[in-house]
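I opened my notebook for a friendly walk through this one. Here is what I looked up, entry by entry.

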Amino acid sequence: MNEIYARDLDLNLLRVFVVVAESGSVTSAAARLYLTQPAISAALKRLADAVGAPLFARQGRGLALTARGERLHAEVKPHLSALVAAALSPPSFDPMTSERTVRLGLSDANEASLLPPLLRVLADEAPRMRVVVIPVQFRTVGDALGSGRVDLAVTVADELPAGTHREPLFHGGFCALFDPRHARLGPRPSLAKYLAHDHVIVSYNGDLRGVVEDLAAVTRRVRCSVSTFHVLGAIVEGSALVATIPELVAREIRSTRPALRTAKLPFELRGAPMELITRSAVADDPAIRFVRDQVVRITRRAARPR
């Protein structure tokens, strides 16, 4: 195959050759290809030199294929037509029969609200498609996209590499999650009451600073730092600890732990927007676009106030 690519042959000459063979005239071929007659003649000479044999002979006022030309035309035309069709035809995609695997990056704050409804949609509309979920967060999503480990991702993000497209999905708020049987917080605590409690935080850095310290400049008494939202419900329930988390995450936790309550924060806290981030290289892929559309619809519906 490398020897074929290394040969000095301009494949565009074959296109000129086929048009001249079909029209039987340099003049007609020039009009069809929007080229000058000298350009057509020069292209035919270059092709004949590359092939090593004459391809046309004069016949009256036109041209007729030689035996070598007839053989070349018979071999080239089907492939040339297929190449043009491949280049110009839109890709076909039927979600009901597609067996594509889409690699989806999700922050742990989104898995519970997004993944179950997405899988239900796929079961109904794309039963053979598969999803590989890869954990990402604002510090790792850029590398995951840049390396191709994920095709699209839903998370907050800082700087992203070139070749990525980002679309804001929603800008959710935060709340305090607590167990009213152990934490005396109430629905609208004062700052003093909020700070009087011990707190559990999610820290991707593995330290005792969380979103409150970083964005609101409020220092809490942190008793426990974990790396994921998944364990917060179990930690808060049955304890006096308070967790300050996105409202969407609190809603999911309370759906399985109804004894827990939420409280309004005694300060303003507004983080970065949740975004859908796609590798530009796959943005026109119909399978990726299908999953992307479902993700947009599900996340925006889940983020509506209730």
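**Loop residues with positive phi**

I began with Tyr34, which is found in the loop between helix H3 (26-33) and helix H4 (37-51); helices (H or I, at least four residues) and strands (E, at least two) are DSSP runs, numbered from the N terminus. A note on the source: this is a predicted model, where local features need pLDDT of at least 70 and side-chain atom pairs count only at pLDDT 80 or more, while totals for chains, interfaces and linings use all residues. Residues are numbered from 1 along each chain as its sequence is written, and side-chain values use heavy atoms, leaving out hydrogens and water.

Most residues other than glycine have a negative phi. Tyr34 is not a glycine, yet I found a positive phi of about 55° for it. Is Tyr34 buried or exposed? Tyr34 is exposed, at a relative accessible area of 78%; buried means under 20%, exposed over 50%, and partly exposed in between (1.4 Å probe, protein chains only).

I then turned to Ala217, in the loop between helix H9 (211-216) and strand E9 (221-226). Ala217 has a positive phi as well, near 55°, and it counts as exposed at 69% relative accessibility.

**Leu191**

I located Leu191 in helix H8 (residues 191-195) and noted it as partly exposed, at 38% relative accessible area. Which residues does Leu191 touch, not counting those up to four places away in sequence? I listed Val218, Pro266 and Phe267, with contact meaning heavy atoms within 4.5 Å. From Leu191 to Leu265 is 74 residues in sequence and 8.1 Å in space, C-alpha to C-alpha.

**An aromatic pair**

I looked up the aromatic pairs and found four. In Phe93 and Phe290 the ring centres are 5.9 Å apart and the planes stand at 55°, so this pair is tilted. The rule for Phe, Tyr and Trp (its six-membered ring) is centres within 6.5 Å, with planes under 30 degrees apart stacked, over 60 edge-to-face and the rest tilted. The pair links distant parts of the chain, 197 residues apart: Phe93 sits in the loop between helix H5 (67-88) and strand E3 (101-106), and Phe290 in helix H12 (residues 286-302). I have Phe93 as partly exposed at 27% and Phe290 as buried at 12%.

**H6 against H11**

My last entry is on residues in contact: Ala109, Asn110, Ala112 and Ser113 of H6 meet Leu248, Val249 and Glu252 of H11.
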